[in-house]
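The points are grouped by topic and may be followed alongside the sequence and the coordinates.

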Amino acid sequence: MKSPLRVAVTGAAGQIGYSLLFRIASGAMFGPDQPVILQLLEAPIEKAIKALEGVAMELDDCAFPLLKGIVQTSDASVGFKDANWCLLIGAKPRGPGMERADLLKDNGKIFIAQGQVIDAVAAADARVAVVGNPANTNCMIAASQAKRLPAERFTAMVRLDQNRAQTQLAKKTGVDLTAVQDIFIYGNHSPTMFPAFAHAKINGQSAPAVIKDDAWLQGPFCEIVGKRGAAIIAARGASSAASAANALVDHVRSLVTPGAVHSVAVKSEGRYGFDANVWAGMPVRTTTPGSYEVITGYEMDAFAQSKIAATNKELVDERAFVADMIS
Ligand code: NAI
């Protein structure tokens, strides 16, 4: 039996947490032979702590053979202690009338503190995946605090956008989902993100050649994927928590599976038109468990370049809002 992985989850009593924890404990994230210890971190709010107790009771009641322990805490130095994976979901939501700059700054404080504690107490091989929005910039902020852990260990999730894009291409062409490959997300996890359809394959053929409808690809396709979160809130009256949790399972599962190709927001080194040092979605290939290389060499046409320029601008603007906090 392998020794257990310590998996820290922030915002553990929230909506995404409730859809996520049971899947981690069942083996969906790290595989059916990998035991886990869940280290659940919540905000120091009575209601959240109480809710977390209930979630932990349900985890107990599932009798998951792989679940070897549950830690419940609102102390980050306890929650992240020796953690091999830190899944940062907890974030401050945007309240009514709240300016984007204020949201960035409020979350900046959370992710500065968590970045510092992770760097101080997490395991030597720790990996960090950020989901709490604005995920890319929160990830950049947390990474900016790390002196021990390299920046490549900090990733933000754009996998939900990739999954959404894959499904839309399959529905459009009436093929099985698995026939759609190599659809990658570039940029911010926001409506500006760009699903690079020109490189996607459908049954091994170029997606635009199969679909033969560039107007749909450039217009409605990008729009449906970009605004899917808002469409789900409008329909369900609540945000897309289950599919976000599922995407995080996919994000981590792909990152621990050598050879997997998938979209991850990683530290930019200036490729594909992104400014250096923003965290931008791009295609990666997992090399060894937890490590990856950016897939280079995809050609971007004028349309793709303009979309990437727009999402890059948003990332650069977000960075400017928090620059004084991380400098
Ligand atoms: P939620 O509001 O149901 O849960 C958030 C939880 O985080 C709450 O229980 C809250 O008490 C906790 N929390 C807040 N500050 C914390 C802190 N400093 N430390 C620990 N816990 C803290 O929200 P939900 O639906 O679970 O979403 C969580 C985040 O994920 C939001 O920021 C949301 O916008 C984002 N999200 C990101 C997606 C992506 O694709 N990257 C997709 C969907 C949501």
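Predicted model: local features only at pLDDT ≥ 70, side-chain atom pairs only at ≥ 80, totals over all residues.

Which helices each supply at least two residues of the shell around the ligand? They are helix H1 (15-26) and helix H4 (100-121).

**The ligand and its surroundings**

- The ligand is surrounded by 22 residues, and the closest are Gln15, Ile16, Glu42, Val131 and Asn133.
- A polar backbone atom of Ile16 is 2.9 Å from an oxygen atom of the ligand.
- A nitrogen atom of the ligand has a backbone N or O atom of Ala43 at 3.3 Å.
- For His189 the side chain is involved: one of its polar atoms lies 3.1 Å from an oxygen atom of the ligand.
- On its own the ligand has 870 Å² of accessible area, of which the protein covers 79%.

**Helix H1**

- The buried residues of H1 are Ile16, Gly17, Leu20, Leu21, Phe22, Ile24 and Ala25; Ile16 is also listed among the residues closest to the ligand.
- The cover over these buried residues includes strand E1 (5-10), strand E2 (36-41), helix H2 (46-62), strand E3 (67-73), strand E4 (85-88) and helix H10 (241-255).
- Just after H1, Gly27 adopts a positive phi of about 105°.

**Thr73 in strand E3**

- Thr73 belongs to strand E3 and has a relative accessible area of 10%, so it is classed as buried.
- A polar side-chain atom of Thr73 lies 2.8 Å from the backbone nitrogen of Asp75.
- Beyond its neighbours within four places in sequence, Thr73 is in contact with Leu40, Leu41, Glu42, Leu52, Val78 and Gly79. Of these, Glu42 is also one of the residues closest to the ligand.

- Lys92 sits in the loop between E4 and H4. Its relative accessibility is 39%, and therefore it counts as partly exposed.
- The side chains of Lys92 and Asp106 make a polar contact at 3.1 Å.
- Setting aside neighbours within four places in sequence, the residues in contact with Lys92 are Met98, Leu103, Asp106, Asn107 and Ile110.
- Lys92 and Leu103 are 11 residues apart along the chain, and their C-alpha atoms are separated by 7.4 Å.
- Ala101 is placed in helix H4 and counts as buried because its relative accessibility is 18%, with the cut-off for buried being under 20%.

**Asn136 in helix H5**

- Asn136 is part of helix H5 (residues 135-144); a relative accessible area of 1% is the reason that Asn136 counts as buried.
- A polar atom of the Asn136 side chain lies 2.8 Å from the backbone oxygen of Trp279.
- Apart from neighbours within four places in sequence, Asn136 is in contact with Ala156, Gly187, Asn188, His189, Ala265, Trp279, Ala280, Gly281 and Leu315. His189 in this list also has a polar side-chain atom 3.1 Å from a ligand oxygen.

**Helix H8**

- Helix H8 (residues 214-226) has 13 residues and should span 18 Å at 1.5 Å a residue; the end C-alpha atoms are 17 Å apart, which agrees.
- At Pro220, H8 bends by about 30°.
- Trp216, Leu217, Phe221, Cys222, Val225 and Gly226 are the buried residues of H8.
- These residues pack against helix H6 (159-173), strand E9 (194-195), helix H7 (207-211), helix H9 (228-236) and helix H11 (302-326).

**Backbone geometry to note**

- Most residues other than glycine have a negative phi, and most peptide bonds are trans.
- The peptide bond joining Asn133 and Pro134 is cis, with omega about -5°. Pro134 lies in the loop between strand E5 (127-130) and H5, and Asn133 is one of the residues closest to the ligand.
- Tyr272, although not a glycine, has a positive phi of about 55°. Tyr272 is located in the loop between strand E12 (261-267) and strand E13 (279-286), and with a relative accessibility of 14% it counts as buried.
- Asn277, also not a glycine, has a positive phi of about 70°. Asn277 is found in the loop between E12 and E13, and its relative accessible area of 39% makes it partly exposed.

Methods: Residues numbered from 1 in each chain as written. Heavy atoms only, no water. Helix = DSSP H or I, 4+ residues; strand = E, 2+ residues; numbered from the N terminus. Expected span 1.5 Å × (residues − 1). Bend = angle between axes of the 7 residues up to and from the residue. Buried < 20%, exposed > 50% of the residue type's maximum accessible area, 1.4 Å probe, protein only. Contact = heavy atoms within 4.5 Å. Near = heavy atom within 4 Å. Polar contact = N/O pair within 3.5 Å; in protein donor to acceptor, adjacent residues only side chain to side chain. Areas by Shrake-Rupley, 256 points an atom, 1.4 Å probe, with all protein chains shown as cover.
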